[in-house]
Every structure is written in structure tokens, then in C-alpha cells.
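Student: I am new to this structure and would like to go through its core and one of its sheets. Could we take it step by step?

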Amino acid sequence: MAYKEKPMLSTEEMKEKLRQLRTQPYWWDMPEEAYKELEEVVGPDKISREKVVRQAYVGRGYARELIWFSGQAYPPCCVIQPETTEEVAAIVRICNKYHLPFNPCSSQWAYNANPRFRPDQVQIDLQRMQGMEIDKKNLYAKVEAGVRYGHFCQACFDNDCYFINTGGGSASCVIANHTVWGCSPFNYRMGNPERRVMAVTWVTPEGDIVRTGSWAGRETTAENGFWGDGLGPNLNGIWRGHIGWFGAMGIVTEMTVKIFPFIENAKEAMVPEGVTPDSHTAFKTNRVAWQNIRLPSRKALEDFMYAFSHCQIGAAITKVPVFWRVIAKAKDKEDFWERWSGVTKEDIDNFHMARVLLIGFTNEKQMEYERAVLDELRQEFGGEFTRTKPSDESWFKNADTSGMWMMTNGYSSCEAGQECLRCTYETGKKLGKLLWEKYTPPFMPEYGDPGWFQSNDFGHSSYLEFLVYMNVDKCDPLSPYYDPGYVQSMIGWYFEETPTIDAETGFLDFFPASCHGILFQGPYFSDYQVWVDRFKEEFDPRTVSNPPAPYDPEWITEMLPPFMLNRSRRFLRTIKRGKSMLLQ
Ligand SMILES: Cc1cc2nc3c(=O)[nH]c(=O)nc-3n(C[C@H](O)[C@H](O)[C@H](O)COP(=O)(O)OP(=O)(O)OC[C@H]3O[C@@H](n4cnc5c(N)ncnc54)[C@H](O)[C@@H]3O)c2cc1C
């Protein structure tokens with residue numbers, strides 16, 4: 001069908017539409033005394049209530065569309081940049097005193113790092129907290145909240161070590177990422193995030209400073225942050241939990257994390273090359289290699305993943321979805337669609353590729369051994385090796401995020417989490433089938449592909465992520481192409497269909513709190529929302545720590561037109577709760 005351009009809304013029309021969507025005035029002036037007290041903590045050059053500064057913190061980050069399109073992105077009432085834990089704690093105490101909600105932000109990759117639904121939040125920007133020390137002998141590192149993966153991963157290379165980096169890329173921060181997800185194909189050997197974290201300095205929602213693990217009751221030097229658990233209950237479950245609090249349980253200012261031995265002279269072996277969007281790390285060594293293996297059937301791919309993990313070789317193993325390969329080949333969006341329109345369901349049903357990372361950690365002989373085992377596995381499962389570039393575009397240090405949006409300018413990662421491999425496979429298949437049979441169109445055809453999965457912890461757990469591509473023009477109320485029916489499908493798929501499939505298979509998705517509702521998922525998983533409420537009441541009695549997190553999706557549900565998400569609305573009103581002050 002020929003594309004017909006529609007006229008944009010005029011500025012006046014846009015203003016009027018935004019006015020209708022917003023429920024609060026855009027700018028809010030904070031009390032003078034509170035501002036003065038905050039200023040005394042950090043000094044006048046590290047706090048601002050200039051509008052131009054505050055505007056820079058409006059509606060950023062992943063899944064921002066949810067907030068933006070419902071007109072719920074607001075500027076903070078001031079921005080403050082502390083440099084020490086003591087300053088953070090003092091700021092939090094002042095916020096408690098004046099009942100001012102505060103919002104910590106690190107790199108602002110997630111939408112709940114900026115104010116939503118209200119204009120009175122104090123934005124605590126942690127990016128000046130840049131301390132980083134590496135203990136190469138004992139293989140751990142101490143980082144402060146502003147340290148980003150790009151710098152950290154390079155520092156690890158400089159010490160012949162390596163660490164994870166997220167698919168979101170090197171710009172996100174090590175601590176913030178470990179308070180929420182912390183996932184990468186490298187979790188195959190490095191374990192899940194909660195196991196990499198050792199000692200932590202945590203400023204509670206009321207402004208107390210708590211040290212965990214071997215930091216408990218001590219100075220936070222790198223030397224004494226070597227151990228994750230102290231005697232008694234493990235506090236990591238409080239400040240982190242499983243799906244993350246998204247700033248609703250105070251602020252982690254310092255952390256020690258395990259780092260992992262890599263190869264000698266890593267800095268010379270892992271060389272940055274190219275200019276974005278073609279930037280990558282070139283392997284100038286024969287002790288690091290990605291290898292793609294094409295397998296004859298879906299079952300062979302699934303079993304290969306078990307067998308590979310069982311042999312305990314490699315540093316990562318992940319399934320390759322077909323559209324990744326098409327993105328990698330496409331020069332631009334037009335080129336992507338040229339290529340993708342030639343793909344059929346049969347192509348997808350017959351494409352089964354694993355991608356493994358081999359590292360000769362100790363020497364070249366190890367690399368030879370790993371290659372030999374891999375070759376035996378390949379033969380056993382009837383696979384074939386395909387040509388694989390000696391470079392990496394994302395996991396070691398770089399970022400390929402913009403490529404992930406290329407096809408439709410927007411996607412929703414409607415599902416991600418860790419479970420056993422069996423559960424991952426079954427959940428991916430159900431999601432793929434439902435997307436194809438009921439939601440294609442309107443969404444980009446994925447032809448029943450069962451998502452992107454990888455083995456974690458040598459196969460003891462695994463990771464599943466399922467991406468769905470939507471036309472963002474149809475979701476934006478300010479766009480001339482806005483289509484409420486389309487939004488209804490998108491939001492229904494995202495907020496209700498995927499958690500229902502999770503409930504059927506038992507897959508505990510870790511996107512509630514950011515992408516769909518805890519109150520929708522909780523009842524299927526032992527009513528864990530009651531515990532969320534209880535912890536919130538106990539630790540944040542004034543509800544100042546980044547409200548309404550972790551209940552943003554529930555608030556979004558209420559903001560949407562009344563004909564959308566009826567099942568979610570029913571859940572919101574009827575499910576079992578603690579005595580929460582958040583949603584009564
Ligand atoms: C395209 C894309 C792909 C991604 N892929 C992956 C992936 O593969 N694996 C993965 O693990 N992640 C992934 N992410 C997540 C991302 O990389 C970030 O790690 C994550 O969003 C948080 O990091 P941040 O530094 O941006 O924190 P922010 O966005 O600044 O903050 C995140 C949340 O934590 C709170 N917060 C910030 N700092 C602190 C702190 N010090 N203490 C307590 N709370 C805090 C904020 O209020 C906010 O609610 C992806 C993101 C994108 C956009």
C-alpha cells in the first residue's frame with residue numbers, strides 16, 4: 001500500500017493535547033528552606049533548580065514511551081550531584097524531613113530514573129561518584145555509583161581480567177545495573193548478578209548508612225570488601241530482591257564485585273576499532289573467538305545447549321535469532337525491510353543457530369582443547385560451523401543498542417528473566433506462537449521464533465528475552481498516525497498476555513516494576529506483592545524513595561484510556577495487598 005504522509009499536529013494542538021494528558025502542573029517550586037539545606041550539603045555548584053538543567057532530566061531511558069505517551073514525564077524540582085555516601089545520606093534525610101520524594105539516577109538508561117507522574121521529585125544524580133579500585137590478586141573491584149561499564153570493562157582488561165557488559169551498552173552503570181538486572185551471555189561462567197555482588201554500602205530510604213558483607217561495620221576500603229555474606233540474614237535480598245526496586249529502596253553508593261581472570265596482555269589483545277554504528281572490539285589474539293554453529297533442528301539446538309554447558313567449556317553460549325543476523329547485514333532500515341520481506345515462516349522454522357564464545361583462559365592448549373570438544377559436540381548433534389568474525393560488537397565493552405531499534409524505531413522487550421533451560425524453551429515457544437497467531441499483524445512478523453535464550457551458570461539456569469517490534473508512530477498520541485486500537489493491542493500483549501503465559505509455564509519474568517505490573521504477576525507467584533508492600537512500609541514509611549516505583553506499570557494502567565487493560569484494572573482493585581500507602 002502506498003505510504004501517505006499525514007500533516008503533523010500544530011504546536012498549539014500539541015500543547016492542548018499534552019495539557020489534557022497531564023494531571024499535574026509541569027513545573028513545581030520546592031520550599032526555599034529545603035533547597036538551602038540541600039545546598040549546604042553539596043555546595044552551590046552541585047545543585048541547581050534552573051529550568052534548563054531540570055529539563056535535561058525529563059523522560060529519558062528505556063521504555064520511556066510508556067511514560068512519555070501518557071504525558072507523565074515531569075522535570076524534577078531540583079537536581080543535586082553528591083560525591084560521597086555521607087552526602088547522599090544527608091540529602092535523603094532532608095527529603096524525609098520535608099516529605100520530598102527523591103529519585104536516584106546513574107546513567108538514566110531506565111525510565112524510572114527520572115520523575116514520573118509528579119513534578120516534585122529531587123533528582124539525585126550519582127554520576128560524580130567515580131571511585132574505582134581493582135584488586136587483581138584477589139579478583140574483585142570496588143566501584144562507586146557513577147562508574148560506567150565502558151570504563152570498568154576497560155579497567156578490567158588493563159588488569160588482564162574481564163566482566164559483563166549489558167546489551168544496553170557500555171554507558172550504563174555497574175552498580176545501578178546490579179541493583180536491577182545484571183544479565184549478559186557471560187553469566188554462563190560468571191553466574192547471575194546477585195552472586196557477583198559482594199560488599200555494599202546502602203543508604204536506606206530514611207537516610208541510614210548500612211554496610212553489608214565484609215564491609216559491615218567497617219571502613220569501605222577495597223581491601224576489606226572481599227565477602228558477600230555476613231552472619232545472619234543476607235541483606236542483599238532487601239536492597240535488591242529479585243526484580244529490583246528501581247530506586248524505591250534507597251540508594252547503593254558503593255559495591256565490591258567479583259572480577260574474572262581473562263588472558264595475559266588483554267589490553268593489546270582486545271582492540272577497539274571502527275566508528276559507530278560499526279564500532280567493535282577486534283580480537284588480536286587466537287585465544288578469544290566467537291563461533292557460530294548451525295544445527296539441524298530446534299530440538300538439536302536445545303540439546304546442544306545442555307551438552308555444551310555440561311562439558312563446562314566456553315565463556316558463553318546463546319541462541320541467535322534470525323533478525324539479529326539480518327540487522328547485522330542491513331545497512332539501514334530500508335535495507336533491513338528489503339531483506340526481512342524475503343524471509344518466510346519456513347526459513348525461521350528451519351534456522352537454528354548457537355553462538356559460543358571460546359576463551360583460552362590459561363594458554364593456547366586450553367583453546368585447542370575447547371575447540372576439540374566443541375567439534376565433537378558439533379558432530380554429535382549434526383551441526384555445521386559457519387564463518388564468524390573475530391570481533392565483538394556488544395558483550396565485552398561496546399554497545400549495539402541503536403541497531404536493536406532499527407527496524408521500527410521501537411521495540412518492547414516484553415519478557416526477560418532467568419529460569420531453567422526447559423522452562424525457557426517452553427515459554428519462548430508459547431510466546432512465539434501467540435505473537436504469530438494473534439498479534440501479527442499488527443507487530444513485525446517474527447514467524448513463531450521462540451525468542452533469544454542463553455545458558456547461565458553452566459546450564460544450571462538460563463536467560464530468555466523476547467522482543468516485539470511495534471510502530472511507535474501509532475503509539476504516540478502526538479503523532480498524526482496515532483491509533484488507539486494499535487496501542488490497545490500493544491499494551492495488552494505486553495501487560496497481560498506475556499505475564500499470563502509466564503504463569504502457565506512458571507517463568508518468573510524480571511520486568512515487572514519496569515514494564516508490566518507486579519500486581520498482575522504477583523498473584524501467580526505466591527502473592528509476593530504482599531511482601532513488596534511490607535518491606536516498603538517498614539523501610540520507607542514516608543514513601544519518599546522514588547514513588548511510585550516499583551508500581552509504575554500499575555500507575556500507567558490507570559492513566560490509559562478506560563477501555564484498555566480491563567483485566568489489569570480488575571487485578572489492581574481486587575488482589576491481596578499489604579497495608580501499602582502507595583495504592584490504596
Ligand atoms: C536496549 C537496551 C538493552 C539492554 N540490555 C540489557 C542486558 O542485556 N542486560 C542487562 O542487565 N541490562 C540491560 N539493559 C539495562 C541497562 O543497560 C541498564 O543497566 C539499566 O537500565 C540500569 O542502569 P543505569 O546505569 O542506566 O541506571 P539508571 O537508569 O540511572 O537507574 C535505573 C533504576 O535504578 C535506580 N538507581 C539508579 N542508581 C541507583 C543506585 N545507585 N542505587 C539504587 N537505585 C539506583 C533509578 O532510580 C532507576 O529506577 C538494557 C537497556 C537497554 C536500553
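Tutor: The questions below cover a nonpolar core and then a sheet in this predicted model.

Student: Which residues touch the most other members of the largest nonpolar core?

Tutor: The model's largest nonpolar core has 140 residues. Nonpolar side chains tend to be buried together in soluble globular proteins. The members with the most contacts inside this core are I91, V257 and V356.

Student: Which strands stand at the edges of the open sheet of three strands?

Tutor: The order in this sheet is β12-β13-β18, and the pairing is antiparallel. Each edge strand has a single partner, so one side of each is left without a neighbour in the sheet. The edge strands are β12 (270-273) and β18 (391-392).

Student: What is the bridge partner of T281 in β18?

Tutor: Strand β13 covers residues 280-283 and pairs with β18 over two bridges. Towards β12, β13 has four bridges, and there T281 is the bridge partner of P272. In β18, the partner of T281 is D392.

Student: Which residue in the turn of the β12 and β13 hairpin has a positive phi?

Tutor: Six residues lie between the two strands of this hairpin. The turn residue with a positive phi, about 80°, is G274.

Terms used. Residues numbered from 1 in each chain as written. Predicted model: local features only at pLDDT ≥ 70, side-chain atom pairs only at ≥ 80, totals over all residues. Core = buried A, V, L, I, M, F, W, Y, C linked by C-beta atoms within 7 Å. Buried ≥ 20, exposed ≤ 12 C-beta atoms within 10 Å, placed from the backbone. Pairing = 2+ DSSP bridges.
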